[in-house]
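Hello,

Here is the structure you were hoping to look through, with the sequence alongside. My notes follow below it.

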Amino acid sequence: SPKQWHDADYCTLYLVTDSTPAILGLGPGPTTEREKEDKLCATVEAALRGGATCVQLRDKDGDTAALVRTARRLHAIARRFAVPLLINDRVDVALAVGCEGVHVGQDDLDLATARKLLGKYKIIGVTVSNVEEMQAAVEGGADYLGIGTVFATPTKENTKSIIGVDGLQQILLRIPAESPVKTVCIGGINATNTSRVVWQSSNPAGAGHSLDGVAVVSAIMGAADPEAAARELLRLVKTPPAFAPRHFLSTSAAQAQEPEEASTDPDPDPEAKATAILARVPDLVRAVDAQRPLSHNMTNLVVQNLAANVALAVGASPIMANYGEEAADLAAIPGSALVVNMGTVTPDGLANYLRALRAYNDAGRPVVFDPVGAGATAVRRSATKTILGGGYIDVLKGNQAEILSCIAATSLDPNASSSKAPQQRGVDSGPGDGDVQKLGAAIRDLATLRKNVVVMTGKTDYVTAAGSGGGAVLAVDNGHEYLGMVTGTGCCLGTTISAYVSAVTAAGSQGSESSAGDSRLAAVVAALLHYNIAAELAAERDDVRGPGTFVPAFLDELHNVRKATVRGDFGWLSRAK
Ligand code: 3NM
Ligand code: MG
């Protein structure tokens, strides 16, 4: 029937063609139009054998006659695979060849006119890069949206905005759930990021839309073996990434109680949630002690020594390794976790972080990101955005200014980005009473968007996790002012969190998203309590007279709290506030 495409999953692996000789693997010598066309058709046919579900002919500078001829050939090929052929921008070409529809960008023919010319049964896709464009396209009756540009790509350098996976999610979440529109994302999508992007862009029923698939140019058109490339991308679209929910505490008691907690408590009040988490803390301390997780720190020179000692004191095994090349080997070690601390960012450092982030994502091991000074300079704002877009981060930890900078970096609203981002003050200060509600909502939104845990530190620390029932924001009110008088204590908290999150992360097991969120939330709360209560105990010691004598006492108490807990003595936990 003429409506058949509207029920088909043509968006799963959407191929956009490119006729530049370099991408097609032709040249460097002169190539004829005929050679280009033959190579294009052969590449598309190979991609279809590999499983591409849609083909868009995109040629911004071909002559109309050549374009129509190529389109006719591609249409004949696509038909053999029962896949629709769409034409970029050129409604006249689509009408001339009688193919299945068009794709229009924001600067192309408008949707209403295209619809009038093509009729209601043709497929019309629209490029959108923000919520307003999405709403106009959905209301105008677009059949699918091409959402982008997700990542910067050499294939199209004049793109309007790089929206990242966060921007993509913000658009998806705002699509009316009842709308039949389909969605693909585009821009820099390839085999290294496909399954992550698809997973991060999936949403529960009723909450906006989930991404239907990915659109690629170079990942297939530029591949040496386009058939194999398409087959692999199709597999990746359908495969959750290695780090998709796999967090639980591997004690039988915690496992038994967890699914129940998640299913019977869809909107828990924070009080009940805090009590349930508190009850799990001793097991979590013991899990770290027993598992001795490898905490791989990519951190600044100032804190290397202290962070390594803190890792040892809480029961982890530290390695300070800033060279990204080492990350794949370290990520392969059972129980490893990565801390990326942007304390002293450089171009080299950034490349190393991204490499390590990818290695840990691929291995399914957890990552803690500490965006130190995120709002302080233009370089740091940009680095923050790059790291947030460069992979999946399990726990995002920062002070108020840093977390607000992360929110600005992930926002689609240009007014909220860089120029209006909060200026870092360099001190770790908490919100005023009036701001708590607003900040709580902001970090809950950020955690939901990123499917992760967000920790905002200050005099009171606030923690929230995606997928944990109603998304409670928990406050931890422990600690001591000496922590603020010693350099690196914020960074070392990131190290401690990595050890705890590692202890609830089992390789290769997939739990529900909701219980995964609960376990990570509990792990982060346990880390905060262990760390901050040890600081209180240290500061109260007779031999501690100031920040200098505090440091060794703090290491002692981090160690003592762990040892006491392993012995079955968790009196220290009665200090939890
Ligand atoms: N449109 P690659 S990005 C054709 O953002 C196109 O609208 C974009 O190429 C948009 O898969 C893009 O090689 C190019 O990164 C995507
Ligand atoms: Mg266009």
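Let me begin with a question: is N399 buried or exposed? With a relative accessible area of 7%, N399 is buried; that word stands for under 20% relative accessible area, exposed for over 50% and partly exposed for what lies in between, with a 1.4 Å probe and protein chains only.

Before going on, a word on conventions. This is a predicted model, in which local features need pLDDT of at least 70 and side-chain atom pairs count only at pLDDT 80 or more, while totals for chains, interfaces and linings use all residues. Residues are numbered from 1 along each chain as its sequence is written, chains are lettered from A and ligands numbered from 1 in the order in which they are written, and side-chain values use heavy atoms, leaving out hydrogens and water.

Back to N399, which is found in strand β13 (residues 395–399). Helices (H or I, at least four residues) and strands (E, at least two) are DSSP runs, numbered from the N terminus. A polar atom of the N399 side chain lies 3.2 Å from the backbone nitrogen of A401. That pair is a polar contact: two N or O atoms within 3.5 Å, where within protein one must be able to donate a hydrogen and the other to accept it, and residues adjacent in sequence count only if both atoms are side-chain atoms.

**Ligand 1**

There are 13 residues around ligand 1, and T149, T153, T155, G188 and S218 come nearest; to be near, a residue needs a heavy atom within 4 Å. By class, this shell has three nonpolar, eight polar and two charged residues. Here Ala, Val, Leu, Ile, Met, Phe, Trp, Tyr, Cys and Pro count as nonpolar, Asp, Glu, Lys and Arg as charged, and the others, Gly among them, as polar.

A polar side-chain atom of S218 lies 2.5 Å from an oxygen atom of ligand 1, a backbone N or O atom of G188 lies 2.7 Å from one, and a polar backbone atom of V217 is 2.8 Å from one. On its own, ligand 1 has 420 Å² of accessible area, and the protein covers 95% of that. Accessible areas come from the Shrake-Rupley method with a 1.4 Å probe; for residues, only the protein chains shown count as cover.

T149 has another feature to look at: a cis peptide bond joins G148 and T149, with omega about 5°. T149 sits in the loop between β6 (144–147) and α7 (164–174).

**Elsewhere in the backbone**

The peptide bond from G27 to P28 is also cis, with omega near 10°, and P28 lies in the loop between α1 (21–24) and α2 (33–50). Most residues other than glycine have a negative phi, and most peptide bonds are trans.

A82, although not a glycine, has a positive phi of about 55°. You will find A82 in the loop between α3 (64–80) and β3 (85–88), and it counts as exposed because its relative accessibility is 55%. D89 is not a glycine either, yet has a positive phi of about 75°. D89 belongs to the loop between β3 and α4 (91–97) and is partly exposed, at 24% relative accessibility.

**A covered helix**

Helix α13 (residues 304–314) is mostly covered, with eight of its 11 residues buried. Among them are L306, V310 and V314. Just after α13, G315 takes a positive phi of about 105°.

Enjoy exploring it!
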